[in-house]
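Colleague: I have this model open on my screen and would like a close look at one part of it. Could you take me through the strand pairing there, and then through what lies around it?

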Amino acid sequence: MSRRWGIMGTGGIAAALTEAITAEGGTVVAVSSASADRAEAFAAEHGIARHYGRHHELTADADVEVVYVATTNERHHLDVRACIEAGLPVLAEKPFALDLPRTRELLELAREHGVFVMEAMWMKLQPGFLDLQRRIAAGEIGPPRLVQADFGIVATAETDRRWFSRELGGGALLDVGIYPLTFAIAILGAPTKIVAVGELAATGVDAQVAVAMQHDGGLSSWSCSFVADTGIEATVAGPAGSLRVRSELHHSPGISRRLRSDTLEHGEAVGHDLGYRWEVREVDRCLDEGLVESRIIPHAATIEVMEALDEIRRQVGVTYP
Ligand SMILES: NC(=O)c1ccc[n+]([C@@H]2O[C@H](COP(=O)([O-])OP(=O)(O)OC[C@H]3O[C@@H](n4cnc5c(N)ncnc54)[C@H](OP(=O)(O)O)[C@@H]3O)[C@@H](O)[C@H]2O)c1
């Protein structure tokens, strides 16, 4: 069923989801911003009927059926909370909140109110990622024992005001590191031990982080960076070979398999070009079924990732105001 969406936020990803929602047959009926001018400009550019100069005014719009929260990291918990309290289902950008206590609090509140909430971890809905999971389950490489992944981009304070900002919950870990971390946990389970090293930027947020994790099923090593441009790939290896998630790992065009015999096969992930539309479909499907959480991105997974993020930030020495 196509729905009427409200969007909190006027940045790059708010624009991308507006496109995805429209392509899926939904309508963005309202947008909110902390600035009346930004809200008005975004509404005009995207043909959105109503705009609000304060985020939480959007929750009183009786026409809005579901909200996409795309504000900066430090205010996700405020915005998600406002939606839940208004009884509105929410798709909330990653990181779901700044830390584990706030994540738990919000997910408990959602349960109490019986409101659907999903972290916008779109990687898990991509055809390439689903294909990887199917191949692992089919035993193509034997039990997965080792995961390696990286996500590094070169970010400059000039090109993005939020990446290096402590006040806005910046840092490579919450912005891009969350993908290889979520990936490793999805394949090997929650970590039982984490060892992290990091380099901090002058503003106090992490510029890059390298992490080694122990899981019941094996080991993972991954890294994220705002100062090094990496391949943005992941490899899952088992005794019979490895599966490589080709770049970019969070919306991979396909999986390549290398068997012990050295044969190499390249698979294509059909539908990977639909990108963010998969998460719009998942929200629609869950709401059609009357669910309060997605089976593919369940609350427990959001909590596992948040728990690890808190521990990594503790080890590398990043705190938020
Ligand atoms: N899933 C993904 O692939 C993906 C990709 C990128 C980002 N994200 C997540 O989405 C969230 C938003 O990211 P984004 O890339 O959209 O960030 P962005 O472009 O920097 O926009 C974020 C917010 O910055 C504010 N803003 C924009 N221009 C401004 C200006 N000139 N002065 C003051 N404020 C300004 C807007 O606030 P108002 O709302 O007040 O107008 C906007 O909502 C983050 O949590 C990020 O982690 C996810």
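How many bridges join β1 to β4?

Modeller: Happy to. This is a predicted model, so local features are described only at pLDDT of at least 70 and side-chain atom pairs only at pLDDT 80 or more, while totals for chains, interfaces and linings use all residues. Residues are numbered from 1 along each chain as its sequence is written, and side-chain values use heavy atoms, with hydrogens and water left out.

Four bridges join β1 to β4, and the two strands run parallel. Strands here are DSSP runs of E of at least two residues, helices are runs of H or I of at least four, and both are numbered from the N terminus; two strands pair if DSSP finds at least two bridges between them. Within this pair, Trp5 has Val66 of β4 as its bridge partner. On its other flank, β1 (residues 4–8) is joined by five bridges to β2 (residues 27–32), again in parallel, and there Met8 is partnered by Ser32. β4 also pairs with β5, in the parallel sense over three bridges, with Val67 standing opposite Val90.

Put together, these strands belong to an open, parallel sheet of six, ordered β3-β2-β1-β4-β5-β6. β3 (50–52) and β6 (117–119) are at its edges with a single partner strand each, so one side of each has no neighbour in the sheet. On average, neighbouring strands are turned by 20 degrees against each other, direction ignored (axes are lines fitted to C-alpha atoms, for helices over the stretch in contact, and angles run from 0 to 180 degrees between N-to-C directions).

Helix α3 (residues 76–85) packs on this sheet and touches β1, β4 (66–69), β5 (90–92) and β6, with its direction at about 175 degrees to that of β4; contact means heavy atoms within 4.5 Å. Helix α7 (residues 277–288) also packs on the sheet, touching β1, β4, β5 and β6, and its direction makes about 160 degrees with that of β6. Between them the side chains of β4 are worth a look: Val66 and Tyr68 point one way, Val67 and Val69 the other, and all are buried (under 20% relative accessible area, with exposed being over 50% and partly exposed in between, for a 1.4 Å probe and protein chains only).

Asp284 and Val66 are 218 residues apart in sequence, yet their C-alpha atoms are 9.5 Å apart in space. The side chain of Asp284 makes a polar contact of 3.0 Å with the side chain of Arg3. A polar contact is a pair of N or O atoms within 3.5 Å; within protein, one must be able to donate a hydrogen and the other to accept it, and residues adjacent in sequence count only if both atoms are side-chain atoms.

After α5 comes Gly139, whose phi is positive, near 85 degrees.

A polar backbone atom of Gly12 is 3.0 Å from a ligand oxygen atom, and a polar side-chain atom of His55 is 3.2 Å from one. An N or O atom in the side chain of Trp122 lies 3.1 Å from an oxygen atom of the ligand. The protein covers 78% of the 900 Å² of accessible area that the ligand has on its own (Shrake-Rupley method, 1.4 Å probe; for residues, only the protein chains shown count as cover).

His250 lies in the loop between β12 (241–245) and β13 (255–259), and at 7% relative accessibility it counts as buried. Leaving aside neighbours within four places in sequence, His250 is in contact with Trp122, Met123, Gln126, Phe151, Tyr179 and Ile232.
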